[in-house]
Amino acid sequence: MELGEIRNLFEEWKKRVETSKDLEEMRQTFLGKKGYISQLFREMKNIPPERRREYGREINLLREEIENFIRQRGEEIKERELEKRLKAERFDLSLPGDTVLPLGSKHPLSGVIEEIVEIFKQMGFAVETGPEIEREEYNFDMLNIPKEHPARDMQDTFYVNREGYLLRTHTSPVQVRTMLGRKPPIQIIAPGRVYRRDDDPTHSPMFFQVEGLVVNRDVNFANMMFVLREFLRRFFETDVPVRFRPSYFPFTEPSAEVDIGCVICGGEGCRVCKGTGWLEVLGAGMVHPNVLSACGIDPEEYQGFAFGLGVDRFAMLKYGVDNIKLFYENDVRFLKQFKSL
Ligand SMILES: [Zn+2]
């Protein structure tokens with residue numbers, strides 16, 4: 001094709017280029033590898049040598065002209081298209097938001113702790129907390145657990161690298177601290193993490209406890225039975241059978257273990273209750289006079305009761321979970337099942 005013909009084609013294209021797509025097509029047609037301008041250069045060899053310089057100059061001029069046109073028209077088109085898009089895409093601020101963002105939920109143990117705390121608060125208990133690295137004295141001695149007691153053995157207790165300190169094995173030191181710091185009447189619960197050298201399907205080396213303490217004049221065992229029955233009835237949301245069995249703890253006298261009718265089988269006997277129809281859920285008793293004395297409270301004037309429960313045990317029973325580890329592995333597939341908490 002002749003240079004003149006290509007110039008005519010260019011003039012025709014100029015009139016009908018409307019969009020950036022047209023423009024790109026034009027660029028390919030004229031400036032592409034197999035485009036007209038390349039063709040013209042390839043025909044250079046058929047041009048007499050004395051005309052070649054002039055011929056090349058003309059092609060270059062045409063190419064420049066085409067390039068300029070494409071650049072300029074490109075900018076115009078871009079501007080026009082942007083304007084058009086801005087007109088079309090208006091934000092509708094009244095549209096509902098995107099709700100697919102995943103929402104987390106409370107850990108089942110947190111949910112159960114809150115539930116337990118709430119029930120006791122309704123019964124007039126205040127919440128107290130204390131350190132997890134505790135003085136051996138507060139964890140054992142002042143609770144009437146003498147030096148030779150097996151609970152103090154290295155096999156049961158995590159001692160820390162500082163003489164006289166350990167990871168608390170129960171939240172009872174919070175009771176000691178409360179009695180040391182305040183005169184009766186005392187009516188508190190102490191929820192928190194505790195540590196023992198235990199590790200099997202029903203024991204974890206770190207677990208959660210809630211303990212309670214009431215100290216006042218004329219506090220008796222019957223008061224304690226009422227509070228615990230009432231708590232269990234509210235927690236399991238049914239008139240669950242409750243029984244008190246005589247037991248022994250160093251820090252209470254008399255002491256009792258509290259059972260409820262198995263909430264899994266309804267008392268018929270199953271794997272969880274080991275066929276007995278009963279589940280042990282609490283330890284309790286009247287505060288030992290030695291403990292009151294050690295904490296500066298006159299046992300002749302005041303009495304108290306105390307109780308303790310394992311949060312994990314309550315969570316396992318409430319949700320029918322048979323391995324305590326599931327609460328600590330934090331597998332999202334497990335945790336997702338408690339989304340409504
Ligand atoms: Zn059972």
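1. In helix H7, the residues Ser 172, Pro 173, Val 174, Gln 175, Val 176, Arg 177 and Met 179 are buried, a residue being called buried if 20 or more other C-beta atoms, placed from the backbone, lie within 10 Å of its own. Seven of the 10 residues of H7 (residues 172–181) are thus buried, so the helix is largely enclosed by the rest of the structure. Helices (H or I, at least four residues) and strands (E, at least two) are DSSP runs, numbered from the N terminus.

2. This is a predicted model, in which local features need pLDDT of at least 70 and side-chain atom pairs count only at pLDDT 80 or more, while totals for chains, interfaces and linings use all residues. Residues are numbered from 1 along each chain as its sequence is written.

3. The buried residues of H7 are covered by elements including strand E2 (133–135), helix H6 (136–139), strand E4 (186–195), strand E5 (206–216) and strand E9 (303–310).

4. Strand E9 has eight of its eight residues buried, so it too is largely enclosed by the rest of the structure. Gln 303, Phe 305, Phe 307 and Leu 309 point one way from E9, whereas Gly 304, Ala 306, Gly 308 and Gly 310 point the other way. In a regular strand the side chains alternate between the two faces of the sheet.

5. E9 pairs in the antiparallel sense with E5 over eight bridges, where pairing requires that DSSP finds at least two bridges between two strands; Val 215 stands opposite Gly 304 in E9. Strand E8 (residues 278–287) also pairs with E9 in the antiparallel sense, over four bridges, and Gly 283 has Gly 308 in E9 as its bridge partner.

Note on methods: A residue is buried if 20 or more other C-beta atoms lie within 10 Å of its own, exposed if 12 or fewer, and partly exposed in between; C-beta atoms are placed from the backbone. Two residues are in contact if their C-beta atoms, placed from the backbone, lie within 7 Å.
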